[in-house]
Amino acid sequence: MKHSRSDIFQRLWVIVRPYRRVMLISMLAMVATAALEPVLPALLKPLVDSSLIAKDPQSQWLVPLALMVAFLVKGLTDYVSQVAGQWVAQQAIHDLRCQVFDHQLLLPLAEHQQQTPGRMLSRLLYDIPQLGTALATAWLTVLRDVLVIAGLLAYLFWLAWELTLLIVVMAPLVAWIVQVTSRKLRGGNQVIQRTTAELTGNIEESLNGVREIKVYGTHGFEGQRFAHTSNVLRKQTMSTFRVGALNVPLVQVLAAAAVALVIWVATLLSAQDKLTPGAFVSFVAAMSMLFEPIRRLTNINPVIQRGL
């Protein structure tokens with residue numbers, strides 16, 4: 001049975017809703033972390049213009065002090081957001097694992113006879129850990145990095161909106177690549193789940209029937225059947241992995257092209273005295289800080305699709 005994305009997220013919300021207060025703490029800490037992210041490159045502007053060039057004695061000690069305080073507060077809020085988010089995720093995983101186990105035991109006998117034991121084992125040993133990884137790391141990464149990117153872009157627009165537009169122009173193409181990859185990854189992971197269940201069933205049937213296999217000498221047939229299913233799983237896993245691996249370098253190449261163009265235009269503006277040295281350094285630093293959250297978001301996409 002296929003479910004819409006909104007239906008899936010509603011099901012996830014039902015799982016985490018009992019822990020929404022801790023979840024709110026995690027989200028507020030994420031907002032604080034994201035708000036402090038642009039502060040770090042912003043402090044480079046007075047560091048260069050006032051401390052290094054103008055030799056202002058007050059700026060020479062105020063800027064390093066502000067930088068240290070910003071790093072300290074950012075580290076604290078980041079710690080709170082990650083620990084609180086992980087707590088919610090682990091509680092939800094525990095609840096879901098117990099619900100699935102209890103549900104399996106309460107199913108009618110006819111349902112057990114229709115389903116292979118391998119599929120039931122696969123639900124508990126494979127499916128739930130995929131959702132667990134998505135809950136434990138993916139949602140934290142997505143929320144934090146989206147907020148960080150929004151904060152950095154807001155600062156870049158305030159600093160030099162003309163240069164920031166060059167970065168934004170690349171966004172639709174990157175979004176299209178991620179969307180196409182997401183569809184392929186999700187479909188591929190659904191196929192992998194079915195094949196994994198089939199392979200688990202083969203293993204269990206063979207181990208349970210090892211006496212009959214020895215009596216009738218069918219170990220060759222069982223070995224070939226296992227090898228065939230395992231090879232199918234290998235091909236499906238590699239196909240999905242290639243799609244996910246291609247996603248990251250494509251996005252990074254596009255981002256690098258945008259950065260190279262921005263730096264070139266920024267040097268022209270600086271040469272015309274339309275951009276101070278401090279503003280130029282601050283802009284390049286903030287722009288460079290966009291790379292890491294973008295990289296994490298593109299890397300986390302396969303994890304999210306497995307969880308969905």
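Which residues in helix 4 meet which residues in helix 5? From helix 4, P46, L47, S50 and S51. From helix 5, S59, Q60 and V63. By class, this contact of helix 4 with helix 5 divides into three nonpolar, four polar and no charged residues.

Before I go on: this is a predicted model. The chain has a mean pLDDT of 79. Of its residues, 90% reach 70 or more. Confidence is highest in helix 2, residues 20-36, at a mean of 88. Confidence is lowest in helix 12, residues 291-307, at 72.

Two packed helices are described by the angle between their axes and the distance between the axes. So, pair by pair.

Helix 4 and helix 5 first. Helix 4 covers residues 44-53 and helix 5 covers residues 57-106. Their axes come within 8 Å. They cross at roughly 155 degrees. Anything over 145 counts as roughly antiparallel, and therefore helix 4 and helix 5 are roughly antiparallel to each other. Helix 4 passes helix 5 in a left-handed crossing.

Next, helix 2 on helix 5. The axes come within 8 Å and the crossing angle is roughly 150 degrees. That makes helix 2 roughly antiparallel to helix 5. This crossing is left-handed. Who is in the contact? On the helix 2 side, V22, M23, I25, S26, A29, M30, A32, T33 and L36. On the helix 5 side, A70, V73, K74, T77, D78, V80, S81, A84, G85, W87 and V88. By class, that contact has 13 nonpolar, five polar and two charged residues.

Now towards the other end of my list: helix 10. Helix 10 runs over residues 219-271, which is 53 residues. From its first C-alpha to its last, helix 10 reaches 77 Å. After helix 10 comes D273, with a positive phi, near 60 degrees.

Helix 10 packs with helix 11, residues 277-289. The angle is about 175 degrees, and the axes are 11 Å apart. That makes helix 10 roughly antiparallel to helix 11. Helix 10 brings V259, V262, I263, A266 and T267 to the contact. Helix 11 brings F280, F283 and M287. The class count for helix 10 with helix 11 is seven nonpolar, one polar and no charged residues.

To recap the pairs: helix 4 with helix 5, helix 2 with helix 5, and helix 10 with helix 11 are each roughly antiparallel.

Terms used
Residues numbered from 1 in each chain as written. Predicted model: local features only at pLDDT ≥ 70, side-chain atom pairs only at ≥ 80, totals over all residues. Heavy atoms only, no water. Axes fitted to C-alpha atoms, helices over the stretch in contact; angles between N-to-C directions. Helix = DSSP H or I, 4+ residues; strand = E, 2+ residues; numbered from the N terminus. Parallel < 35°, antiparallel > 145°, perpendicular 65-115°, else oblique. Left-handed = near helix turned anticlockwise from the far one by under 90°. Contact = heavy atoms within 4.5 Å. Nonpolar A, V, L, I, M, F, W, Y, C, P; charged D, E, K, R; others polar. Expected span 1.5 Å × (residues − 1). pLDDT = per-residue confidence, 0-100.
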